[in-house]
Amino acid sequence: MNEFQIILSETIQRLLSDHVSRDLIVASEQGKWAHDLWTALEENGLTKVLVSEAGGGAGAQWSDAALLIKAAGEHGAPVPFGETIVAAWLLDQAGLPVPDGAMTLLEGGNLSLTTQGDGFVLDGQMAGVPWASSSKHGIAMAQGPDGDMRLCCISLSDVQLIPGMNVAREARDRLILEKTHVIASAPCGPSVLGTTLRHWGALIRALQMGGALQRLLEQSVAYANERTQFGKPIGKFQAIQQQLSVLATQAAATGVATNYAAQAVEKGRLSHEIAVAKVRADEAANIATSIAHQVHGAIGFTYEHTLHFATRRLWSWRAEYGAGCDWAAELGAQVMQNEPEALWPLVTQK
Amino acid sequence: MQSFRFDLCELPEETKGLRQEVRAFLAEELKDIPLTTRAQTWMSFDGEFSKKVGAKGWIGLTWPKKYGGHERTAFDRYVVLEEMLAAGAPVGAHWIADRQSGPLLLKFGTEEQRQTFLEPVTKGESYFCIGMSEPDSGSDLAATRTRAVKADGGWIVNGTKLWTSGAQHAHVMIALFRTEQNPENRHGGLTQFLVDLKTPGISIRPITDLYGSQHFNEVVFEDVFVPDNRLVGTEGGGWAQVTAELSYERSGPERYLSSYLLLVELIRELQAQNKPGAEEEIGRLFAHMMTLRQMSLSVAGMLEAGENPTLEASVVKDLGAVFEQDMPVIAHKLAGAPPTLSGGSDFQQVLGVLTQVAPSFSLRGGTKEILRGIIARGLGLR
């Protein structure tokens, strides 16, 4: 970490530790918007970390943003922090102004963009939109009438919303857009050409998963050191040690895969890194959640204990914006369409 | 809880030329080597090949020029290694000296030892083996019983080393002997020595493995004289020296590429069978490989920076061994063709090799359980 990242890391860790308590997450799961947390993130300029200085942001790099999104995942912050960071970045990249307030990504539907009068309207439906009920704006990538990819921003007060939740009890809403007025639109910035919102959503979730896995590891190790059975802490038993080591290696691999993806974006040479990160994070989540619950025993299965705030998020996030199996199939198809000897040059191209 | 550090480490642009040079060399040199030999890559022993690699200047790449090295970067070395492994080059003869014995001597050896031993290694003419395990000392390395007793001008060694890879071909063994008996401090009293394997009193017996090849050996020492100037580092400091050496042993690209040629042949087989539904599994393997490569590179970067990433190296070794050990199982599940010792397709023969040798992947260089124990210690559980 460079000096800026150390300061950034301290800032976000302090902010999230102060705000994201068990009570806050429980209230959020009951439908209460984490207003104070969100205000603190905005007031510290963290939601606009990737926005250029000219656009009113911090002009920071993707590896800096990665650190923030990972921390949000570690603490289980029940707000669309990663989504807003990315939405703000995409708007700024497209030369559009960045509004205040929470934003979400309109991805996965059958959106169609058409002209109406001087502007554009969007039609379509989509399910599982993160935090739509609490967000002010949504952004979409849609093909414009000229065939170019346009970034579009809509006000979410203009759409019909049917609330829903993932198993982490995070808002995942269904939206119906009917001739919804696009309040701002421009061709997508050059740095995101060839990508979709699904890529950026997958990167957000993979980074959050890296944070949540770190939390699972710390919680499980701490519990194994304090819980006593047969006259000693259960962490002294090799059966437990071996499992926690596996959990640690899975968390480490996810950390590397996700940091590598963020670095590829930062250096403007993204190819398959986001898919790799999501595949790796998904597999790690499968293994790690199982181990963490096994180590915690019955107490970890109660709502009272906080373990499930991380495990239920991992079970949700691993499948959002493309599950590991989907991204793996895409990667595999790329590999399989070429002769076997082409694999090694692909592995070593960077 | 100690946290793992895997800072990303990028191969410099300048390594690209070297990579192409290595590829061109291997395309020429490997064309007559059977696929089943190449499938065993760093366990395949070929002295003539090692001499050619030495002549290209690709052994001891990072070592000082005064010892025959080439003073190039750890990244150049990484590129050479991974290209050799992916192509299935028979690098077994020079592998151990290049990987760990050379660095050990550069760190702990005397000037005379470096002058004597390193240059022949860089030429691909001198081979090393590592004498650690014994009949009663496998994972429990501190149980080492082979004794070196002080004598006039040197040491007299008695005992047996077991599972010593390549000892029947090697010129020199870096051996760990017990020089002092102290039940209070099992990790003390161990010392490393350079042993000329032609010394009278040494008998080497190859042990045939289940695949039918002879990689490892039993090495018996009967009143073997080792001169004082062949003690490496400090007397009684063997444990710490060995531990440092293991970071080199556990994090390299050979820890996840041992089954690479099987993956290549699996893809070819699946394309020929035109079986649907294999993409997901192939993509998953690709994601694992890309991640392991970054982890391994990260450790290489830390070693280059003079750090001692013991914990991170153990993480790479554990994840890598599981990955390369899973490969024959995955290949079996996807393709279904029987593994063969001879006959059948290239895929079947390579599957035949890897199915049989894969159990060793999580045994050699520290068992899965030992590595996980090291990680658990890092987590603060032990």
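Residues are numbered from 1 along each chain as its sequence is written, and chains are lettered from A in the order in which they are written. Because the model is predicted, local features need pLDDT of at least 70 and side-chain atom pairs count only at pLDDT 80 or more, while totals for chains, interfaces and linings use all residues.

**Confidence**

Colour the model by pLDDT, which is the predictor's confidence in each residue, from 0 to 100. Chain B averages a pLDDT of 95, and 99% of its residues score at least 70; the model scores ipTM 0.97 and pTM 0.96.

**Domains of chain B**

Select residues 15-126, 130-236 and 252-378 of chain B in turn, which are domain 1, domain 2 and domain 3, with bounds that come from an automatic or database domain assignment. The C-alpha centres of domain 1 of chain B and domain 2 of chain B lie 25 Å apart. Their contact takes 14 residues from domain 1 of chain B and eleven residues from domain 2 of chain B, where two residues are in contact if their C-beta atoms, placed from the backbone, lie within 7 Å. On the domain 1 side, helix 5 (92-108) and helix 6 (111-122) of chain B each supply at least two residues, and helix 5 of chain B gives the most, with six residues. Helices (H or I, at least four residues) and strands (E, at least two) are DSSP runs, numbered from the N terminus.

**Where chain B touches chain A**

Show both chains next: the contact takes 40 residues from chain B and 37 residues from chain A. Helix 4 (74-87), helix 8 (260-273), helix 9 (279-304), helix 10 and helix 12 (368-378) of chain B each supply at least two residues of the side that touches chain A, and the largest share of that side, 15 residues, comes from helix 9 of chain B.

**Along helix 10 of chain B**

Select residues 310-335 of chain B, the 26 residues of helix 10, which reaches 38 Å from its first C-alpha to its last, close to the 38 Å expected at 1.5 Å a residue; the expected span is 1.5 Å times one less than the number of residues. A kink of about 35° lies at Met327(B), shortly before the proline Pro328(B), the bend at a residue being the angle between axes fitted to the seven residues ending there and the seven starting there. Helix 10 of chain B is followed by Gly336(B), whose phi is positive, near 75°.

Go to Trp163(B) in strand 3 (residues 154-165) of chain B, where phi is near 65°, a positive value in a residue other than glycine. Trp163(B) is buried, with 21 other C-beta atoms within 10 Å; a residue is buried if 20 or more other C-beta atoms lie within 10 Å of its own, exposed if 12 or fewer, and partly exposed in between, with C-beta atoms placed from the backbone. Then select Asn274(B), in the loop between helix 8 and helix 9 of chain B, whose phi is near 55° and which is exposed, with 7 other C-beta atoms within 10 Å.

**Chain A**

Select Gly95(A), in the loop between helix 5 (81-93) and strand 1 (103-105) of chain A, which counts as partly exposed with 13 C-beta neighbours inside 10 Å. Gly55(A) is 40 residues from Gly95(A) in sequence and 8.5 Å away in space, C-alpha to C-alpha.

Finish at Cys152(A), which touches residues including Leu113(A), Phe120(A), Ile139(A) and Val182(A), not counting residues up to four places away in sequence.
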